[in-house]
Amino acid sequence: MELQQMRYVVAVAELGSFTRAAERCFVVQSALSHQVARLEQELGARLFHRTSRQVRLTPAGEAFLPVARQCLDAADRAAAEVAAAVGEIRGPLSIGVIPTVAAVDVPAALREFRSHHPGVRVRFESASSDTLVRRVAEGSLDLAFLGLPEGRVPSGVAGHVFPRDQHRAVVAPRHPLASRRRVRLERLAEETFVDFPATSPGRQQSDLAFERAGLTREVAFEVADMLLMARILREGLAVALLASAFVDQFPDLVAIPVTGAPVRTEHLVWSSFGPAPAAAALLDQLGIAH
């Protein structure tokens with residue numbers, strides 16, 4: 001079994017097409033198809049269901065894909081470690097981010113990082129904090145920026161804690177609360193909310209604050225996409241509680257300090273076995289010990 005064959009399988013699975021996979025891998029389709037067929041013969045199982053219209057994984061392919069990705073990641077990391085040993089930082093850097101990351105301006109940090117390390121290929125993944133911690137622990141991500149309720153510590157990973165941040169109420173400019181200098185949590189409980197999906201860490205921060213205050217609220221809109229949440233807020237359909245450092249990204253909305261507001265702590269985490277070379281270089285740039 002060859003690494004190149006694994007790369008072909010991953011490309012076909014991700015793109016759902018032998019033609020597009022061949023284009024990505026810079027190889028003619030007949031050669032790619034031949035190598036995938038050879039691998040299937042070696043494994044004694046079909047990895048793909050092929051029709052004239054569709055290519056999809058078989059159960060054997062579903063089982064093979066995550067392991068193939070792990071092998072390719074390990075090979076890339078080995079090459080990156082060798083390059084780092086001779087003073088060159090290159091290879092992949094996979095970063096997980098929550099939708100409301102605010103402690104670090106990630107794009108600005110990467111602009112500086114890429115100017116020093118142009119050989120690094122950066123891949124982003126956006127998900128909930130719990131999912132990102134799990135993916136860092138299993139080695140699928142190199143770094144992840146998280147936001148967790150105060151006092152909660154991610155397990156199975158190493159990390160850095162940024163200063164705590166209080167949430168603010170976010171409303172449309174024409175909302176009745178928009179003229180307030182400060183609002184109490186009790187008053188906010190009377191409003192309709194847009195928030196992250198139930199049980200997600202982003203939601204738990206607000207839920208805990210209302211629960212500890214002995215209050216209930218109506219969350220009529222559950223969304224994971226910040227752009228959609230902002231559109232709901234602009235229409236005046238609901239209010240939201242968001243980290244104060246993040247709401248500056250929406251200057252057309254009004255952010256109001258809240259008495260008794262939820263508190264969030266942002267974390268940057270990496271593997272407990274130590275960061276990969278590219279991840280270590282980014283941590284050094286950010287002044288974070290590892």
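Glu14 counts as partly exposed because its relative accessibility is 40%, where partly exposed lies between buried, under 20% relative accessible area, and exposed, over 50% (1.4 Å probe, protein chains only). The model is predicted, so local features need pLDDT of at least 70 and side-chain atom pairs count only at pLDDT 80 or more, while totals for chains, interfaces and linings use all residues. Residues are numbered from 1 along each chain as its sequence is written, and side-chain values use heavy atoms, with hydrogens and water left out.

A salt bridge is a side-chain nitrogen of Lys or Arg within 4 Å of a carboxyl oxygen of Asp or Glu, and the count by this rule comes to 16.

| Salt bridge | N to O distance |
|---|---|
| Arg24 and Glu14 | 2.7 Å |
| Arg217 and Asp195 | 2.8 Å |
| Asp207 and Arg217 | 2.8 Å |

Arg24 lies in helix α2 and Glu14 in helix α1, so their pair ties together parts 10 residues apart in sequence. Arg217 and Asp195 are both buried, whereas Asp207 is partly exposed at 28% relative accessibility. Salt bridges with shared partners join Asp195, Arg203, Asp207, Arg217 and Glu222 into one network.

The axes of α1 (residues 3-15) and α3 (residues 29-43) come within 9 Å and cross at roughly 105 degrees, and the two helices are therefore roughly perpendicular, a term for angles of 65 to 115 degrees.

Terms used: Axes are lines fitted to C-alpha atoms, for helices over the stretch in contact, and angles run from 0 to 180 degrees between N-to-C directions. Helices (H or I, at least four residues) and strands (E, at least two) are DSSP runs, numbered from the N terminus. Angles under 35 degrees count as roughly parallel, over 145 as roughly antiparallel, 65 to 115 as roughly perpendicular and the rest as oblique.
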